[in-house]
Amino acid sequence: MDESPTEDTPIVEYYYGLRKRTGAGLLILLLILLFVRGDNYKLTPVELIASDHLFSIVRWEVKNFPQKWIHALWEAIPGNKPSREERLIIIDDYFQLARKVQKEKDRIEGVLIRRSATKGSAAAAKELVPTTEALELVEKEKNALQGKAEEAVEAEISTLLAEMGFESRIGLIWPPVDIKFEKPPTLLVLSPRDKITLMGSVLLDPDLKGVERDRIETEILEKHNLVGLVDDLAGLATYPNIVSDLYTTRTIMRTAVHEWMHAYFFFKPLGKNLRKSDTMFSINETTADIIGRELGDIVFERIGGDLSISASRYAPAEDINPNFTRVMRETRQRTEELLNEGKIEEAEQYMREQQWFLRLRGYGLRKLNQAYFAFRGRYAESPASTSPLGDQLKELRSLLPSAAAFINEISEVGSHQEFLDLLERKRVEAGVAPPDSGI
């Protein structure tokens with residue numbers, strides 16, 4: 001919803017609306033900081049291994065939160081807030097610039113690799129100078145447009161949420177949609193060797209090279225007999241939400257909605273019980289995936305996107321590549337069987353063999369281990385999951401008349417049993433038999 005002053009909206013009312021949003025944002029920031037562990041003063045033994053690369057949410061919030069609201073105040077000055085037509089152009093221009101920046105970075109990395117291979121040849125050195133200059137130029141253009149692009153995407157998502165009934169009587173979306181386009185941190189996840197379970201996670205720097213990831217994972221195994229995996233993230237539910245701008249526009253819209261859903265659930269039973277069990281975590285994440293796809297696609301289409309282009313690319317992972325999904329789920333099942341029998345070395349050798357089986361067929365898995373399955377398996381639609389929650393949540397969505405109804409119902413779920421009761425209740429109301437019931 002465009003909140004800029006118009007002839008029908010006095011400037012005093014506009015500034016009042018901005019104060020409401022600013023106050024709401026500050027409240028959310030305080031709540032987040034209360035729930036975030038204090039900065040890394042006392043490091044665990046595992047954190048010490050990765051201590052040179054720890055990512056601090058507190059420092060990130062302190063740096064980025066004021067910048068977002070300074071930009072909001074700047075747009076509050078009459079004449080500074082772009083129209084919707086201008087916003088759509090800004091969004092398109094920004095994402096094109098983001099892709100150009102990444103292209104130039106990749107080009108520089110290629111030059112450095114060639115330079116290293118040729119032991120610093122003069123030709124490679126000459127090639128690096130114009131490439132670096134091109135990167136600086138396009139990064140400057142991108143940075144100048146970033147705040148406007150973030151506000152433009154926030155406005156599109158907020159408008160949709162308001163239409164769905166998520167705007168309060170005083171005209172506020174709670175929590176306000178607030179995103180930051182930035183490469184998210186990486187995540188170090190941990191699992192014991194004798195079973196697949198997520199026992200901890202640590203945020204690390206975004207640009208962590210493969211060699212250093214391997215070093216951290218190997219040292220954790222050698223010193224603590226734990227399995228580690230440094231994995232990538234597409235977004236992170238900070239405030240503002242971190243959303244990577246390195247993907248396609250359609251994926252970015254989905255991720256932005258996904259992360260806002262976590263902020264919304266934070267104040268509901270579903271979010272409050274997020275860490276009560278692996279099942280509750282999976283319900284949270286899978287719900288955010290389902291709604292992120294549905295609403296993200298609506299936003300993408302509204303800003304001029306064509307949903308028919310590469311449509312199969314954006315289906316759930318299990319539908320995109322059923323063969324990969326089948327192999328991964330068979331691998332997880334067999335791995336769990338071996339671990340349950342106490343055959344840890346056999347299970348780890350089997351996963352290594354399966355990793356190379358998949359790599360030789362074009363699936364670029366950097367590592368396949370207990371931590372991989374423990375983390376990615378919590379997303380119930382993932383090929384790494386053997387949980388029925390993905391199908392159950394999609395079934396629940398199909399039994400409800402709208403995305404808003406689905407969000408309202410699922411957000412009040414505080415336990416796995418409450419979810420199962422809700423699903424059964426909706427089946428009865430719709431006169432639908434459970435899958436494979438034989439009825």
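1. Glu-330 and Arg-326 form a salt bridge with an N to O separation of 3.5 Å, a salt bridge being a side-chain nitrogen of Lys or Arg within 4 Å of a carboxyl oxygen of Asp or Glu. Both residues belong to helix α11 (residues 322-340) and are four residues apart, about one turn of the helix; helices are DSSP runs of H or I with at least four residues, numbered from the N terminus. Glu-330 is partly exposed at 40% relative accessible area, as is Arg-326 at 43%. Here buried means under 20% relative accessible area, exposed over 50%, and partly exposed in between (1.4 Å probe, protein chains only).

2. The model is predicted: local features need pLDDT of at least 70, side-chain atom pairs count only at pLDDT 80 or more, and totals for chains, interfaces and linings use all residues. Residues are numbered from 1 along each chain as its sequence is written, and side-chain values use heavy atoms, leaving out hydrogens and water.

3. In a further salt bridge, the closest N and O atoms of Glu-217 and Arg-366 are 2.4 Å apart. Glu-217 lies in helix α6 (residues 210-224) and Arg-366 in the loop between α12 (344-359) and α13 (370-376), so the pair ties together parts 149 residues apart in sequence. Glu-217 is buried at 4% relative accessible area, whereas Arg-366 is partly exposed at 30%.

4. Glu-381 and Lys-394 also meet in a salt bridge (3.8 Å, N to O). Glu-381 is buried, with a relative accessible area of 5%. Both residues belong to a network of salt bridges that also links Arg-293, Glu-318 and Arg-329.

5. The count of salt bridges comes to 33.

How values were computed:
Helix = DSSP H or I, 4+ residues; strand = E, 2+ residues; numbered from the N terminus.
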